[in-house]
Amino acid sequence: MTFPRASGLLLHPTSLPSRFGIGDLGPEAYRFVEFLKESAQQLWQVLPLGPTGYGNSPYMCYSALAGNPMLISLEVLRDRQLLNDADLEGLPPFPSENVAFDQVNASKTPLLERASHNFRIQASPTQRQEFQNFCQQAEWLEDYALFMALKQAHNGQAWNTWKPAIAQHQPEAIQRWRQQLAGEIYQHQFFQFEFFRQWSGLRHYANTQGIQIIGDIPIYVAHDSADVWANPPDFQLDPATGAAALMAGVPPDYFSATGQLWGNPIYNWERMKQQRFEWWVQRFRAMLDYVDLIRVDHFRGFQAYWQVQQGETTALNGEWVEAPGQEFFQVVRQELGRLPILAEDLGVITPQVEALRDQFDFPGMKVLQFAFGSGPGNPFLPFNYVRNCLVYTGTHDNDTTVGWFNQLSAHERSAVEEYLGCICPAGINWDLIRLALSSIANQAIIPVQDLLGLGSEARMNFPSKPEGNWAWRYQPGDLTDQLRDRLKTTTQTYSRAPQA
């Protein structure tokens with residue numbers, strides 16, 4: 001599917017300002033939408049919105065379909081009279097420049113539990129019916145809420161360390177634990193109800209302002225997730241231990257000399273094909289309920305994927321295995337129609353991957369930070385683009401543009417300056433913003449860090465680094481009127497603004 005010429009910003013909601021230690025779906029999210037509209041943007045790209053586990057990575061969530069309760073706005077809960085002003089006083093001081101995840105979880109979870117209790121005892125009949133409707137329509141919720149309650153009951157331990165009956169999802173054990181953990185299960189159902197109520201309100205507001213949301217589907221799910229626990233035949237697991245028998249990753253690349261060993265279990269594609277990819281169809285259908293466009297992370301894994309045997313500690317000793325990508329996307333199209341998919345086709349891309357992408361008319365991705373230093377044939381140089389693509393200055397896995405440029409060698413900087421002609425007084429970030437917006441790519445996305453001209457201290461993620469990522473936040477007042485006007489003028493200059 002091709003898309004009209006447009007541009008937008010990349011910002012995960014955790015990076016919004018907030019006095020509660022983490023960005024959320026409250027007032028600042030609405031202000032960000034207003035900034036997008038006033039600066040003539042039409043797209044807001046977010047990272048996966050799921051409940052994060054160890055390392056706080058949105059690409060390693062406890063569910064492929066649930067929302068992260070830490071994104072729930074406490075101010076909105078107060079406005080709905082599920083909390084009061086006193087509940088929001090006396091919170092510890094939080095750093096404003098980054099998310100202290102452990103501190104946020106410790107302070108926010110009791111307030112969410114209090115809101116759940118208040119809802120249970122004071123909700124109106126209409127609200128109760130809305131809650132019941134949500135629980136019935138969210139097919140994944142029953143397994144997820146039980147899984148999270150079980151994790152609490154097992155002190156956070158991975159599901160494959162639980163007693164065999166419940167680890168293996170046996171019906172009698174399921175029934176017994178459901179009765180035992182009924183209160184905790186209700187809490188997790190409420191958290192999801194409230195998350196999606198707030199997110200749906202924000203998305204609706206964005207759409208009314210002419211802003212479309214780009215969501216993100218990671219190709220793999222975390223081993224310690226409701227998805228794997230509830231659907232073990234769909235994954236390559238060790239039958240004796242429940243551990244991942246075959247692990248996902250990528251071979252050595254730009255980011256890592258030993259490759260990236262993600263540790264996610266590989267799918268049992270043969271079984272999924274027999275089931276007409278039912279799990280995946282449900283996943284795409286659920287995503288389309290709350291985003292407008294879908295970025296498919298690691299698209300190349302649908303053509304062939306890198307699998308590593310259990311026990312390996314790096315991704316070096318892996319192998320490529322062909323995936324049923326063509327059959328998969330044909331089934332998805334038959335079930336759901338032509339999907340608004342953007343293919344993250346970075347990394348080791350072969351002609352077969354490009355053929356799969358082009359067969360279904362999915363836009364690929366270009367990253368300007370990869371464009372320099374390897375000659376005029378570099379596919380990331382703008383004069384080599386096709387229109388049906390999406391260009392970034394950098395992605396969440398890259399350094400910021402200022403940080404990237406500052407770390408280049410003198411020779412590499414010369415190559416950049418030669419291409420650009422000169423570095424403008426406003427900084428290299430604006431050179432690459434202008435280069436992205438002026439390109440023929442139908443869509444252009446700018447990370448907010450690049451809009452602000454920030455250095456490496458504002459980087460979102462270091463691939464292969466297990467901790468210390470995903471924490472950056474911008475400050476109240478950073479998105480100034482001057483910045484808004486400059487972005488709007490540049491966007492209009494290159495015909496990416498909404499048409500009157």
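With 500 residues, a compact globule would have a radius of gyration near 23 Å, and the chain agrees, at 23 Å. That radius is taken over C-alpha atoms, and the globule rule is 2.2 Å times the number of residues to the power 0.38. This is a predicted model, in which local features need pLDDT of at least 70, side-chain atom pairs count only at pLDDT 80 or more, and totals for chains, interfaces and linings use all residues. Residues are numbered from 1 along each chain as its sequence is written, and side-chain values use heavy atoms, with hydrogens and water left out.

**Whole chain**

- Along the principal axes, the C-alpha atoms fill a box of roughly 70 × 55 × 40 Å.
- The chain has 18 helices and twelve strands; these are DSSP runs numbered from the N terminus, with helices being H or I of at least four residues and strands E of at least two.
- Of the 500 residues, 57% are buried (under 20% relative accessible area, with exposed meaning over 50% and partly exposed in between; 1.4 Å probe, protein chains only).
- Among contacts (heavy atoms within 4.5 Å) with a separation of 6 or more, 73% join residues 24 or more positions apart.

**Surface and charge**

- The accessible surface is about 20,900 Å², and carbon and sulfur atoms hold 49% of it; the areas come from the Shrake-Rupley method with a 1.4 Å probe, and for residues only the protein chains shown count as cover.
- There are 37 positive and 52 negative side chains, with the centres of the two sets 4 Å apart.
- Lys and Arg count as positive and Asp and Glu as negative, while His and the chain ends are not counted; each charge is placed at NZ of Lys, CZ of Arg, CG of Asp or CD of Glu.

**Helix H7**

- Ala 173, Ile 174 and Trp 177 are buried in H7, which spans residues 171-180.
- These residues lie on the same side of H7 because they cover an arc of only 100° around the axis (directions from the helix axis to the C-beta atoms).
- Their cover includes helices H5 (141-153), H6 (164-167) and H9 (226-230).
- On the face turned away from the buried side are the exposed residues Pro 171, Glu 172, Gln 175 and Gln 179.

**Two buried residues**

- Asn 461 sits in the loop between helix H17 (448-451) and helix H18 (481-493), and counts as buried at 6% relative accessibility.
- Asp 397 is 64 residues from Asn 461 along the chain, yet their C-alpha atoms are separated by 5.1 Å.
- Met 247, in strand E4 (residues 246-250), counts as buried at 11% relative accessibility.
- The C-alpha atoms of Met 247 and Pro 265 are separated by 4.8 Å.
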